[in-house]
Amino acid sequence: MSRTNHFTTIEQMEADTAKLRETACNVCAETWEDRAKAQTPHCKFGEGGICCRNCSMGPCRITPKSPRGICGANADAIAARNYLRSIAAGTSSHSDHAREILHVLKSASRDGNYQVRDELKLINLAKEWDVETEGRDIYDIAHDVADVGLLEFGKPEGTQRFLTRATEERQKVWKEQDIEPRAIDREVVTAMHMTHMGNSADAEALVRQGLRMSLANGWGGSMLGTEITDILFGTPTVWTTEGNLGVLESDMVNIIVHGHDPAFSEMLVTACEVRELVDYAKTKGAKGINVVGLCCTANEVAMRHGVRMAGNFLQQENVILTGAVEMMCVDIQCIFPALAQLSQCFHTKFITSSPIARIPGSTYVEFKPETAFDQAKQLVREAIDNFQNRDESKVYIPPTKQTATVGYPTEQIIKHLDNVTNSHVEIIGTYKPVIDTIRSGVLRGAVAIVGCNNPRVRPDYSHFEIMKELIANDILIVATGCAAQLATKAGLLNKDAKYLCGAGLRRVCELVDIPPILHMGACVDISRMMLLATGIAKDWGVDITQIPVVGCAPEWMSEKAVSIANYVVSTGLDVYLGIEPQVNGSDQMMEIITQGTRKITGAGYIINTDPHQLVKSIIEGIEEKRAALGI
Ligand code: SF4
Ligand code: MSK
């Protein structure tokens, strides 16, 4: 048997889904596949971004016969305004998530529900922000840091503090192009103001605001979210865990944590380890409590606790369809409202916890930092009580799962590089070893693969095909979000995946003892990738636009992804998209997002819905950058 037979194919994943859809049929439930079919064909005006309902004179739709809305806005203005509003929603989502985490830091105390777990990171951030640290209690420092962070959202003057982490070249570009982001809330409010009826109709001006607002996300909200989460819950470290539906256990109480904000899931994970509750589960006939993650919450808890991962975005209904879930606890973002109704076909308790994500049919338990642990223990107790209500005739858990090595924030990447270079003191703590392997051609470059699933394409297929092709061509991958989850399910985060790599990447994996795809976290953690690319450019001594590193979102779907793609482009890295942004009703907008931004930031989109063509252009793009560097 070849080593590659250890991996799970898309066909195997689809066979599991097909079995679960039989269960759906038996309980008269619908799934996203049914709803996607019912929504097809999609509205062409919506797809092209040329339907405007920004005032009640409309909605106005652009056609050859009616090329302007009632106010005179044309396709370019309407598509650009809709695009900017998507970036505003995405920026708001990541940034509001960060704001919540900052409030949790503000509430942290030595004897409270939340403590500071990474004191060094807190001290470093305090110093970066000129918060006094000498002789002070760590919690006083934490509260001051939280206050400074919270001001990033609404300060009346100045730009985002984290911009100074970027290369000097990037900072110069942002200043010269007038896209340095000011307060996060201000950038979103400005975008909403610009897109109000009777304001901007200039597509380029609208896209420029999109770039600036996205930077308020990537180098503001998202970076804050990641930093503060690390301070509160610990900077991730490397764990070996497992992923896919086979992590659900037939003889244990299964609790799912789903969403993005780890403040809730961290408490639930801790509560599931409480001896008294584990014993209580045993009195109810279960062997124990099995807490597993879904979507980006899975990434968060896997890389801090090794918690196993049930799957990614389009797998969320499959998890309930196993019939073996006692409770699903959700926080924010990417949660199908359909889960509430689906849970009612089984014994599953569906718990919402945030005022940001209220879903009819759920049980709402508003999670508060002051009472978090008691609330988590109460929920776990209720899940245990629910074990006896499981209907065995409805249970089918696909056995498929894979081993995964996760948890490679920049700190871990540097640590692993240091481990293999400890005889060269001058390159300790730098990216120079990886730069040397890229320069010499052992590695051709690196790609950050991020993003969701989208029913517009065969789920997970594009991720899988692109990942396999890139590693076979000696291109290292860093992954976050649901793309990282596919890599988990497929077995590509297993160190054995080196057998799918080209000779150069395989050698690097063996030497550094890493898988060829490095799991960097949740979608909010793409800020880690920006710092990684920045570190490589700084240590290389070239502009960030020159390094053979690019971003790729093969199956993106959310407005967060639109904001992310814009901050990656603003950071100077090309972004390869497998799903077309909804602006193709405007030729000008298609030109701006693929070419026009290059004049502003030095980077742009390359779009191709065929994953094989897309990966071909990624490799060509990387080789072009190498050639331009003379390597
Ligand atoms: Fe129509 Fe203009 Fe109103 Fe939009 S803002 S709905 S294009 S009239
Ligand atoms: S969960 S934003 S589907 S990555 Fe972050 Fe996955 Fe995309 Fe949500």
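A residue is called buried here when its relative accessible area is under 20%, exposed when it is over 50%, and partly exposed in between, with a 1.4 Å probe and protein chains only. This is a predicted model, in which local features need pLDDT of at least 70, side-chain atom pairs count only at pLDDT 80 or more, and totals for chains, interfaces and linings use all residues. Residues are numbered from 1 along each chain as its sequence is written, chains are lettered from A and ligands numbered from 1 in the order in which they are written, and side-chain values use heavy atoms, with hydrogens and water left out.

With a relative accessible area of 0%, Val406 counts as buried. It belongs to strand S10 (residues 402–406); strands (E, at least two residues) and helices (H or I, at least four) are DSSP runs, numbered from the N terminus. Setting aside neighbours within four places in sequence, Val406 is in contact with Thr237, Val238, Trp239, Thr241, Ala302, Met303, Met309, Leu493 and His519, contact being heavy atoms within 4.5 Å. Pro64 is another matter: 342 residues separate it from Val406 along the chain, and their C-alpha atoms are 51 Å apart.

Next come the cores, a nonpolar core being a set of buried Ala, Val, Leu, Ile, Met, Phe, Trp, Tyr and Cys residues joined through side-chain atoms within 4.5 Å. The largest has 179 residues, and Tyr114, Val145, Leu470 and Met589 have the most contacts inside it. Helix H9 (residues 203–233) gives this core its largest share, 14 residues. Apart from that core lies another, of 35 residues, with Val319, Val325, Val330 and Ile335 among them. As for Met589, its contacts beyond four places in sequence are Asp76, Ala79, Ala80, Tyr83, Ala203, Val207 and Val583.

The two ligands can be taken in turn. Residues count as near a ligand if one of their heavy atoms lies within 4 Å of it. Ligand 2 has 13 of them around it, and His260, Cys296, Cys334, Cys452 and Cys482 come nearest. Helix H12 (295–305) and helix H19 (481–490) each supply at least two residues of that shell. Around ligand 1 are Cys52, Asn54, Cys55, Met57, Gly58, Cys60, Gly69, Ile70, Cys71, Ile78, Arg81 and Met197.

Most residues other than glycine have a negative phi, and most peptide bonds are trans. Thr40 and Pro41, however, are joined by a cis peptide bond with omega about 0°, and Pro41 is in the loop between helix H2 (32–38) and helix H3 (44–48). The bond from Gly58 to Pro59 is cis too, with omega near 5°; Pro59 lies in the loop between strand S1 (51–52) and strand S2 (60–61). Asp130 has a positive phi, near 60°, and is exposed, with a relative accessible area of 72%. Its place is the loop between helix H5 (119–128) and helix H6 (138–151). Phi of Asp178 is also positive, near 60°, and Asp178 is exposed at 56% relative accessible area.
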